Amino acid sequence: MDTVEHRPAEVQEVKQRMGWALIIDDHPLFCDALELTLRALGEFSDVKTADCMEAGQRILDGASAPALILLDLNLPDVSGLDGLIRIKRCADKSPVLIVSSVTDNAIINGAIAAGASGFVPKHSGRAVFKEALAEIANEGVYKPSGFVEAENDDDHAQIMARLSSLTNQQGRILELICEGKLNKQIAYDLSIAEGTVKAHVTAIMRKLGVQRRTQAVLVAQEARYFNTLPNSN
């Protein structure tokens, strides 16, 4: 009798442990298909969707960290790996599975270096997603069939790793530097002291391995290095 009474609580406990999932994809049909796939394969308490990076960040703002994020690389408001780097800053404890039709080895290497927990080609079958979810659940990194590991000195991978090491505040300051804003303007925009901005800029340049602001801007632009590739939609 005790076993029967406790079953609903046990089921609920499993779902709470799995948490919720977030899908960020601007193509309605693919987004719906991904939602159905997650609901079929995972015991998520909820699956939420967003059609752009800004909408995804709004969902994440103030919410508990999702158990999984599915992210398309080609979104209307970000380019290249910039979206992955931004989402990792918002939810650094959540695994991010990239789902994209752009499957160049350099892109996959860069995504993994930037913190992705896996990469699945967009038109993959449900069995591939099941394998990816299982690998991520075991704290591994899922790599698609045919993927070739990068060499240790791969420049793009190193750049992605450096950019992903920035904190959320440092990432925002770097974005403002890329817009050409001075420390005083950045301090005003973020409502912080100019001295705090200077300290962050110093930390940013140290993490990126550069000595000047212009060099930091060039490194930041590398996150968009493949934005001329065919759109994944």
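Which elements do the buried residues of α3 pack against?

Reply: Happy to take that one. This is a predicted model, in which local features need pLDDT of at least 70 and side-chain atom pairs count only at pLDDT 80 or more, while totals for chains, interfaces and linings use all residues. Residues are numbered from 1 along each chain as its sequence is written, and side-chain values use heavy atoms, with hydrogens and water left out.

The buried residues of α3 pack against β1 (21-24), β2, β3 (68-71) and α4 (82-90); contact means heavy atoms within 4.5 Å. Helices (H or I, at least four residues) and strands (E, at least two) are DSSP runs, numbered from the N terminus.

Helix α3 spans residues 53-60, and its buried residues are Met53, Ala55, Gly56 and Leu60. Buried means under 20% relative accessible area, exposed over 50%, partly exposed in between (1.4 Å probe, protein chains only). These four cover an arc of only 160° around the axis, so they lie on the same side of α3; the arc is that of the directions from the helix axis to the C-beta atoms. After α3 comes Gly62, with a positive phi near 80°.

As for the strands, five of them form an open, parallel sheet in the order β2-β1-β3-β4-β5. Two strands pair if DSSP finds at least two bridges between them. β2 (47-50) and β5 (118-121) each have a single partner strand, so one side of each is left without a neighbour in the sheet.
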